[in-house]
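Here is a short report for a reader meeting this structure for the first time. Look over the sequence and the model, then read on.

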Amino acid sequence: MTLLHFANCIGVAAAPYLLMYRFCGLSDYSAFWKCVRAVTAYGLTQLCKMILLASLFPIGHIKEDETIHTKLVRESVRCVVDSLDFLGLYVLLTKFIGKGEREMKVLASAVGWGMADLLSTRLVPVWVGARGVEFDWKFFQSCLDSNINFILLLTTVALLWLWSRHDLNKPVMPFIIAALGVILFRPLLFHYVMLYGGMDLWTVLAAKFILSSVLGLVTLQMYMAMTDSLG
């Protein structure tokens, strides 16, 4: 029974990546090595982030009795450090992923980066916890959260691709900057909403899904308009 629970969680978490790779043309375009490059770029980016965070917040300098204001400042700085993900994805799209169809570049970057994040942040907790004696919804919720994050990742990659275009309409740029800002500080926002707003995890997941879907749909419209203009 525990192995069945573990298999269900892994299936829910990994299904979007496998389905996108199989049915969105990545396998037909032999994009496997593009995905591997995305995995490599993810690893290098996370290494840079860990070094920077270790320099900014040494373990001995973090106090347990911090004030709310101090914690907010520290978490905000961590969100700013997470902007290195944007830089890593931007370099991946423009320099590292190689030439090819623009759709394939966006999809390969998102699938490779997202799969690397799934394996590095979700697999071990699910492997350790979901195989326990008692069923716990939090592991299934974690996998659903991973799917929502994948929607945001696709949105982020598309936004960064639009940013990289020199022929982008200038009135669109403020939305791109605002959307990236929302994506960047979204974890901090929902953390404090859940902590002080009395919302349970299911409600937070629903709110995350709605926000991610709205940003994704608007970005999709912008992306399709740009690709149609390019022919």
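## Overall build

The protein has nine helices and zero strands. Both are DSSP runs, numbered from the N terminus: helices are H or I with at least four residues, strands are E with at least two. Along the sequence the pattern reads α-α-α-α-α-α-α-α-α.

This is a predicted model: local features need pLDDT of at least 70, side-chain atom pairs count only at pLDDT 80 or more, and totals for chains, interfaces and linings use all residues. Residues are numbered from 1 along each chain as its sequence is written, and side-chain values use heavy atoms, with hydrogens and water left out.

Of the 231 residues in the protein, 38% are buried. Buried means under 20% relative accessible area, exposed means over 50%, and partly exposed lies in between (1.4 Å probe, protein chains only). The protein exposes about 13200 Å², and carbon and sulfur atoms supply 69% of it. Accessible areas come from the Shrake-Rupley method with a 1.4 Å probe; for residues, only the protein chains shown count as cover.

Contacts are heavy atoms within 4.5 Å. Among contacts with a separation of 6 or more, 81% join residues 24 or more positions apart.

## Helix α9

Helix α9 covers residues 201-230. Its 30 residues should span 44 Å at 1.5 Å a residue, and its end C-alpha atoms are 42 Å apart, which agrees. The expected span is 1.5 Å times one less than the number of residues. Buried residues of α9 include Val204, Leu205, Lys208, Ser212 and Leu215. The buried residues of α9 pack against α5 (102-121), α7 (137-164) and α8 (173-196).

## Helix α7

Leu152 sits in helix α7. Because its relative accessible area is 4%, Leu152 counts as buried. Beyond its neighbours within four places in sequence, Leu152 is in contact with Ile183, Arg186, Ser212 and Leu215. The C-alpha atoms of Leu152 and Ile183 are separated by 7.3 Å, although the two residues are 31 residues apart along the chain.

Ser164 is also found in helix α7. Ser164 is buried, with a relative accessible area of 17%. Not counting residues up to four places away in sequence, Ser164 touches Tyr90 and Thr94.

## Aromatic pairs

How many aromatic pairs does the count come to? The count is four. Rings of Phe, Tyr and Trp (its six-membered ring) pair if their centres lie within 6.5 Å; planes under 30 degrees apart count as stacked, over 60 as edge-to-face and the rest as tilted. Two of the pairs are set out here.

| Pair | Type | Centre to centre | Between the planes |
|---|---|---|---|
| Tyr17 and Phe150 | tilted | 4.3 Å | 45 degrees |
| Tyr42 and Trp113 | edge-to-face | 5.3 Å | 90 degrees |

Tyr17 in helix α1 (residues 2-23) and Phe150 in helix α7 are 133 residues apart, and their pair links distant parts of the chain. Tyr17 is buried at 3% relative accessibility. Phe150 is buried too, with a relative accessible area of 4%.

Tyr42 lies in helix α2 (residues 32-56) and Trp113 in helix α5, so their pair ties together parts that are 71 residues apart in sequence. Tyr42 and Trp113 are both buried.

## A nonpolar patch

Leu119, Leu123, Val124, Trp127 and Val128 make a nonpolar surface patch of about 470 Å². Patches are made of residues with over 30% relative accessible area and no salt bridge: like charges are joined within 9 Å, nonpolar side chains (Val, Leu, Ile, Met, Phe, Trp, Tyr) within 5 Å. A salt bridge is a side-chain nitrogen of Lys or Arg within 4 Å of a carboxyl oxygen of Asp or Glu. Helix α6 (residues 123-129) gives the largest share of the patch, four residues. Val128 lies in helix α6. With a relative accessible area of 59%, Val128 is exposed.
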